[in-house]
Amino acid sequence: MGMMDSMQYLQDTESTRAKRLQMVEYQIRRRDIHDEKVLRIMEELPRHVFIPEANRSEAYMDQPVSIGLGQTISQPYIVALMTEKLAVEPEHTVLEIGTGCGYQTAILARLPAQKVYTIEVLEDLAQKARKILTHLGIDNVEFHTGDGRLGWPEDRQFDRILVAAASEDLPEKLLAQLKDGGKMVIPIGEPISQRLMLLTRQGDHINEELLCHCRFVRLVRT
Ligand code: SAH
């Protein structure tokens, strides 16, 4: 059975909807995420569809979940926090590094952003994410397979950049693709002590705000 065939079984049922509403209420709203757009999208978007069958029963749990190939989908609260702090407006172009299963990509696309450009280093994950987004009717996303540390392959600048894997440094090429006034959310630091940062570019100055301590998979160098 091909992937598209098997996906027809990934229906959104009463049970998955109920778990999702609970996830948003207890894990997100009551932890001080108040952006109604973010809350509504997370109530509507079927998170379990993005997670491989082996771990699908964990889709609405308060934790990161394995998506295969040693990678994880971030904990729902962290996705909500990064999305809220990025403050995406409908006219914005957004660069995302680390497509993974495509869940965060779908949220950014539906906020909506004008367009989401997403880079994933693992071809297999990129292909699966693309299929799921197509299946959900999301068409304002461009996919690229490659090293996100190098930024988008064309010469282009973005209003917002979201990095979903941790780096010890701030990748220079990503910073160069952030517009003046633009914002970037990125986990920075070593594996055991990462800090989720909100960076705002003001000319040549970068304003830094610590959002929380966190633990992401590594942003690999190729
Ligand atoms: N937002 C994703 C999180 C995936 S975890 C989700 O919702 O599923 C981080 C992802 O970053 C992994 O899929 C990993 O393969 C990818 N990644 C790691 N290093 C990368 C790099 N240098 N360039 C692009 N993607 C990278």
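What is the volume of the largest pocket? The answer is about 570 Å³, a volume being the space filled by probe spheres set on grid points that are joined across faces, edges and corners. A pocket here is found on a 1 Å grid over the protein atoms alone, as an open set of points where a 1.4 Å probe fits, with protein on both sides within 12 Å along at least five of seven lines.

Before we look around, please note that this is a predicted model, in which local features need pLDDT of at least 70 and side-chain atom pairs count only at pLDDT 80 or more, while totals for chains, interfaces and linings use all residues. Residues are numbered from 1 along each chain as its sequence is written, and side-chain values use heavy atoms, with hydrogens and water left out.

The lining of the largest pocket is made up of 35 residues (each with an atom within 4 Å of a grid point). Nearest the centre are Q71, T72, A164, A165 and V217. Two or more lining residues come from each of β2, α4 (76-86), β3, α5 and β4; these helices (H or I, at least four residues) and strands (E, at least two) are DSSP runs, numbered from the N terminus.

The ligand sits in this largest pocket, meaning that more than half of its atoms lie within 2 Å of the pocket's grid points. Around the ligand are 26 residues (a heavy atom within 4 Å), with T72, E120, D147, G148 and V220 coming nearest. To this shell β2 gives the largest share, three residues.

| Residue | Protein atom | Ligand atom | Distance |
|---|---|---|---|
| E120 | polar side-chain atom | oxygen | 2.6 Å |
| C101 | polar backbone atom | oxygen | 3.0 Å |
| V121 | polar backbone atom | nitrogen | 3.3 Å |

Taken alone, the ligand exposes 580 Å², and the protein buries 99% of that (areas by the Shrake-Rupley method with a 1.4 Å probe).

By class, the shell around the ligand holds 14 nonpolar, eight polar and four charged residues, with Asp, Glu, Lys and Arg counted as charged, Ala, Val, Leu, Ile, Met, Phe, Trp, Tyr, Cys and Pro as nonpolar, and the others, Gly among them, as polar.

L111 and P112 are joined by a cis peptide bond with omega of about 5 degrees, and P112 is in the loop between α5 and β4. L69, in the loop between β1 (65-68) and β2, has a positive phi of about 55 degrees although it is not a glycine.

Methods:
A polar contact is a pair of N or O atoms within 3.5 Å; within protein, one must be able to donate a hydrogen and the other to accept it, and residues adjacent in sequence count only if both atoms are side-chain atoms.
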